Amino acid sequence: MRPFAYERPATAEEAVALVATRPGAVFLGGGTNLVEHLRLGIARPRVLVDVTGLPLDTVEEIPDGGLRIGATVRNADLAAHPVVRERYPVVSQALVSGGRPSCATPPPWAGISCSAPAACTSRTRTPPATSGNPVRAVRP
C-alpha cells in the first residue's frame with residue numbers, strides 16, 4: 001500500500017475544498033470498499049479526507065420529490081426510511097440484501113452504491129470496466 005496523508009475536516013465545505021485543491025485526494029466515508037481497494041492496490045489516493053465525523057447522516061425530501069441522502073447514511077437506515085420503503089421499494093430491498101456478512105459495521109450507502117462491486121477480489125485485482133472511478137465517486 002502506498003503511503004497517503006490523512007485529513008479530518010471540521011465541515012463539509014472544508015472537505016470539498018480539500019478534495020478540490022489536493023491532487024489525488026478522495027473522500028473516506030464508511031471505508032468498506034475503499035479500504036479493500038487500498039489493500040489490493042486498486043485505489044492509490046495521495047490524501048484521504050475523512051468525512052465520517054461530519055453531520056452527513058440524514059435523509060431529506062427535496063421540493064422536486066426526490067431525496068437528498070447524506071454520504072454517511074448507513075444502508076440499514078436508508079433501507080428502513082419510510083419514504084425509501086414507499087417510493088423506492090426495490091432500492092430498499094437491494095440495500096438490505098447487498099451487505100456482506102463479514103462487515104462488522106454496515107457501510108454507508110454512498111460507499112457501496114458508488115464504488116466498484118465486491119466482485120473485485122485479490123484474484124482479479126481490477127474492477128469491472130463499468131464501475132468508473134470507485135473512489136472519487138463519493139462526495140458529501
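1. Let's start with Arg-44: in this predicted model, Arg-44 sits in the loop between helix H2 (32-40) and strand E3 (47-50). Helices here are DSSP runs of H or I with at least four residues, strands are runs of E with at least two, and both are numbered from the N terminus. Arg-44 is exposed, at a relative accessible area of 54%; exposed means over 50%, buried under 20% and partly exposed in between, with a 1.4 Å probe and protein chains only.

2. What is around Arg-44? A polar atom of the Arg-44 side chain lies 3.1 Å from the backbone oxygen of Gly-41. Leu-34 is 10 residues away from Arg-44 in sequence, and the C-alpha to C-alpha separation is 9.8 Å.

3. E3 has pairing partners, where pairing requires at least two DSSP bridges between two strands. With E1, E3 pairs in the parallel sense over 3 bridges, and Ala-5 stands opposite Val-47. With E2, E3 also pairs in the parallel sense, over 4 bridges, and there Val-26 is opposite Leu-48.

4. Now helix H1 (residues 12-21), whose buried residues are Ala-15, Leu-18 and Val-19. They span an arc of only 90° around the axis, so they are on the same side of H1; the arc is taken from the directions from the helix axis to the C-beta atoms. The face turned away from that side carries the exposed residues Glu-13, Ala-20 and Thr-21. The cover over the buried residues of H1 includes strand E1 (5-7), strand E2 (25-28) and E3.

5. Confidence, before anyone builds on this. The chain averages a pLDDT (the predictor's confidence in each residue, from 0 to 100) of 77, and 69% of the residues score at least 70. Confidence is highest in H1, at 96, and lowest in helix H6 (residues 109-113), at a mean of 51. Over residues 112-140 the pLDDT is below 50, and this stretch has 49 contacts in the model beyond near neighbours in sequence, a contact being heavy atoms within 4.5 Å. Where pLDDT is low, the predicted coordinates should not be read in detail.

6. Bookkeeping. Residues are numbered from 1 along each chain as its sequence is written, and side-chain values use heavy atoms, leaving out hydrogens and water. Local features need pLDDT of at least 70 and side-chain atom pairs count only at pLDDT 80 or more, while totals for chains, interfaces and linings use all residues.

Technical notes: Polar contact = N/O pair within 3.5 Å; in protein donor to acceptor, adjacent residues only side chain to side chain.
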